[in-house]
Amino acid sequence: MTVPSRTPSVPTPIRRDRLTWAAYLALAQFTFFLNIQGNIIPFLKDEFNLSYRVVTLHPAAVAAGLIVSGLIGERLTRKYGRLWSVMVGLAGMALGALAIILAPNPVVSILGCFVMGAVGCLILIVVPTLLADWHGANRSVAIGEANGVSYVASLTAAMAVGLFVAIGLGWRTALLFGVVLAGLLLLFMRGVPMPAAETPPAAVDGARGGRLPLAYWFYWLTIIAFVGVEQSVLVWATEFLTRVKGVPIASAAITAGAFSLGMLVGRLSSAFVLTRITAARALYLSAVLTVPAFFLFWGSPSLTFSVIGLFAVGLGCALQYPLTLTKAIVTAGPFGELATARASLASGLSILVIPWAIGALADHAGLWMAMSALPILTVAAAVFLFLGERVVRR
């Protein structure tokens with residue numbers, strides 16, 4: 001099977017074949033399990049009587065898994081192939097979710113989160129470069145749409161927790177729902193042909209990291225900052241609505257889906273946006289939107305305006321990760337899967353440190369004050385992006 005070149009060319013209408021949908025759905029399943037944590041954290045906190053700092057060890061465990069996979073996952077994908085990596089990633093996430101469902105104490109649930117991150121990250125390594133190879137000049141649209149579909153899963157996760165709790169089936173049923181979806185997707189993935197990754201010119205593993213150029217590492221820092229904002233909102237929005245805005249916990253889990261809805265609208269509009277402005281300009285504009293939108297969510301005394309602000313934050317964040325990742329992949333040249341592996345490391349570090357830091361600050365100063373740090377990260381991301389763009393233009 002011929003792999004389309006990663007060399008830029010004139011875009012043609014994107015073809016959404018079975019391989020494309022398999023990639024979209026695999027990333028969606030990863031996102032479902034990753035983002036449902038923000039909705040189940042209030043229940044874990046109450047059930048196990050945990051502090052903010054301790055309950056945040058659940059997303060931190062996922063982040064630790066992403067870091068481990070970001071360091072070694074690219075070697076596994078090269079050795080065993082893309083299809084194997086995606087299917088093992090799906091199975092591993094389902095296993096981790098089952099551990100959380102059956103957990104008698106937080107140690108087991110934290111371990112389940114680590115498994116979900118470490119094994120599920122194989123999907124995160126494979127899917128972006130697979131789509132970049134397969135769709136060529138339409139790579140930004142394909143990766144943006146993949147992340148858009150993934151936010152359908154994110155919104156589904158938020159709604160599932162709220163609805164299952166509201167009808168008395170409990171938050172664990174929402175996770176079990178995700179396990180069933182993962183099983184169905186594994187059946188769909190059987191027999192899907194996936195092209196092999198492009199073989200990089202370097203033969204020695206130790207030399208591979210040095211092939212990533214300086215511009216890549218500025219984009220890498222941009223990913224850390226953007227992911228930190230996105231994940232902190234996902235982890236703490238439900239808790240913020242409950243503790244600060246006084247929304248009942250089941251309703252807050254549903255209301256927090258406004259962020260995911262904004263992300264969904266933004267990512268599904270990627271084709272429309274990218275045919276009119278460049279990716280870099282779209283990223284700068286997203287930062288300009290995110291900062292005031294966050295202050296509307298954070299500071300408005302009206303719940304209605306807060307929810308509108310949360311939706312706008314999601315709209316602003318929507319294209320930040322996929323567009324920055326696409327820039328990083330293009331900059332890396334033939335080292336695309338190494339680039340996505342290291343980008344997963346960046347995501348893992350961000351998820352490990354930033355939401356935890358927000359939680360630790362909340363234990364001392366309150367969640368309202370802790371969340372005010374997030375706009376600073378958005379500004380930092382814009383600065384790193386600017387530096388990366390300058391290096392590329394040289």
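This is a predicted model: local features need pLDDT of at least 70, side-chain atom pairs count only at pLDDT 80 or more; totals for chains, interfaces and linings use all residues.
**View 1. A nonpolar patch on the surface includes Leu111.** Its members are Val68, Leu71, Ile72, Leu111 and Phe114, which together have about 420 Å² of accessible area (Shrake-Rupley method, 1.4 Å probe, with only the protein chains shown counting as cover for residues). Patch residues have over 30% relative accessible area and no salt bridge; like charges are joined within 9 Å, and nonpolar side chains (Val, Leu, Ile, Met, Phe, Trp, Tyr) within 5 Å. A salt bridge here is a side-chain nitrogen of Lys or Arg within 4 Å of a carboxyl oxygen of Asp or Glu. Helix 3 (57–80) and helix 5 (106–135) each supply at least two residues, and helix 3 gives the most, with three. Helices are DSSP runs (H or I, at least four residues) numbered from the N terminus. Leucine 111 counts as exposed because its relative accessible area is 54% (exposed is over 50%, buried under 20%, partly exposed in between; 1.4 Å probe, protein chains only).

**View 2. Phenylalanine 43 sits in helix 1 (residues 18–47).** With a relative accessible area of 13%, phenylalanine 43 is buried. Beyond its neighbours within four places in sequence, phenylalanine 43 is in contact with Val161, Val165, Trp171 and Ile249 (contact means heavy atoms within 4.5 Å). Alanine 312 is 269 residues away along the chain, and the two C-alpha atoms are separated by 26 Å.

**View 3. The largest nonpolar core has 126 residues.** Such a core is a set of buried Ala, Val, Leu, Ile, Met, Phe, Trp, Tyr and Cys residues joined through side-chain atoms within 4.5 Å. Phe33, Leu175 and Met371 have the most contacts inside this core. Helix 9 (residues 214–243) gives the most to the core, with 17 residues. Setting aside neighbours within four places in sequence, methionine 371 touches Trp236, Phe240, Phe294, Phe297, Trp298 and Ile358.

**View 4. Cysteine 121 is in no disulfide.** The disulfide count comes to zero, where a disulfide is a pair of cysteine sulfur atoms within 2.5 Å. For cysteine 121, the nearest cysteine sulfur is that of cysteine 113, 15 Å away. Cysteine 121 is buried at 0% relative accessibility, and cysteine 317 is buried at 1%.

Terms used. Residues are numbered from 1 along each chain as its sequence is written. Side-chain values use heavy atoms; hydrogens and water are left out.
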